[in-house]
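Me: Can you walk me through this one? I'd like to go piece by piece.

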Amino acid sequence: QVHLVESGGGLVQPGGSLRLSCAASGSIFRINAMNWYRQAPGKQRELVAAITSGGSTNYADSVKGRFTISRDDAKRVYLQMNSLKPEDTAIYYCYAQIVPFYDPGSTKNWWGQGTQVTVSS
């Protein structure tokens, strides 16, 4: 079993900052990638930022220059969000592509429960 636990969401005024965290635990041999997605009401879930085990990053055009994804160990990822805008309001989900101990020849996709980010004055 694998668990992804997010934290750090909340209410912030436009122009403000938030830092999201996601910690993975459980039967994990290796994590290939950890990403942040978001889903706003009435919209499809979209990729916000991604980081590989080698540290390569990728961002949605809408957040480039404002958001930064980072990892401080193999099982924890962060999303620093600056200059937040009302259109950043969404539920933010952590995603991890995991190689489990119980089946090291496979990869599994895991999602966190989501954390609400609301940008409003």
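Reply: Contact here means heavy atoms within 4.5 Å. This is a predicted model, where local features need pLDDT of at least 70, side-chain atom pairs count only at pLDDT 80 or more, and totals for chains, interfaces and linings use all residues. Residues are numbered from 1 along each chain as its sequence is written, and side-chain values use heavy atoms, with hydrogens and water left out.

Me: Where is threonine 115 found? And is threonine 115 buried or exposed?
Reply: Threonine 115 is found in strand S11; strands are DSSP runs of E with at least two residues, numbered from the N terminus. Threonine 115 is buried, at 12% relative accessible area. Buried means under 20% relative accessible area, exposed over 50%, and partly exposed in between, with a 1.4 Å probe and protein chains only.

Me: What does the side chain of threonine 115 reach?
Reply: The backbone nitrogen of glycine 9, at 3.3 Å.

Me: Switching topic: which residues touch the most other members in the largest nonpolar core?
Reply: Met34, Trp36, Leu79, Met81 and Tyr92, out of 31 residues in that core. Strands giving two or more residues to this core include S1 (2-7), S3 (18-26), S4 (28-39) and S9 (90-100). The largest share, five residues, comes from S9. By nonpolar core I mean a set of buried Ala, Val, Leu, Ile, Met, Phe, Trp, Tyr and Cys residues joined through side-chain atoms within 4.5 Å.

Me: How many disulfides does a search of the whole structure find?
Reply: One. Cysteine 22 and cysteine 94 form it, with their sulfur atoms 2.1 Å apart; the cut-off for a disulfide is a pair of cysteine sulfur atoms within 2.5 Å.

Me: OK, sheets now. What's the strand order in the open sheet of four strands?
Reply: S1-S3-S8-S7, with antiparallel pairing. S1 and S7 are the edge strands, each pairing on one side only. Two strands pair if DSSP finds at least two bridges between them.

Me: How many bridges for S1 and S3?
Reply: Six, in the antiparallel sense. As an example, leucine 4 has alanine 24 in S3 as its bridge partner.

Me: And S4, how many of its residues are buried?
Reply: Nine of the twelve, so S4 is largely enclosed by the rest of the structure.

Me: How many bridges join S4 to S9, and how many join S4 to S5?
Reply: Ten bridges join S4 to S9, and these two run antiparallel. Tryptophan 36 has cysteine 94 in S9 as its bridge partner, and that cysteine is also in the disulfide with cysteine 22. S4 and S5 are joined by six bridges, again antiparallel. Along S5, threonine 52 stands opposite alanine 33, while glutamate 46 stands opposite arginine 38.

Me: What's in the hairpin of S4 and S5?
Reply: There are six residues between the strands, and glycine 42 takes a positive phi near 75 degrees.

Me: What about S5 and S6, how many residues between them?
Reply: Four, in a hairpin where glycine 55 in the turn has a positive phi of about 95 degrees. Three bridges join S5 to S6 (residues 57-59), running antiparallel, and alanine 50 stands opposite asparagine 58 in S6.

Me: Last one: valine 99. Buried or exposed?
Reply: Valine 99 is buried, with a relative accessible area of 1%. Valine 99 is found in strand S9. Leaving aside neighbours within four places in sequence, its contacts are Ile28, Phe29, Arg30, Asn32, Pro104, Ser106 and Thr107.

Me: How far apart are valine 99 and asparagine 109 in space?
Reply: C-alpha to C-alpha, valine 99 and asparagine 109 are 9.0 Å apart, and they are ten residues apart in sequence.

Key: A polar contact is a pair of N or O atoms within 3.5 Å; within protein, one must be able to donate a hydrogen and the other to accept it, and residues adjacent in sequence count only if both atoms are side-chain atoms.
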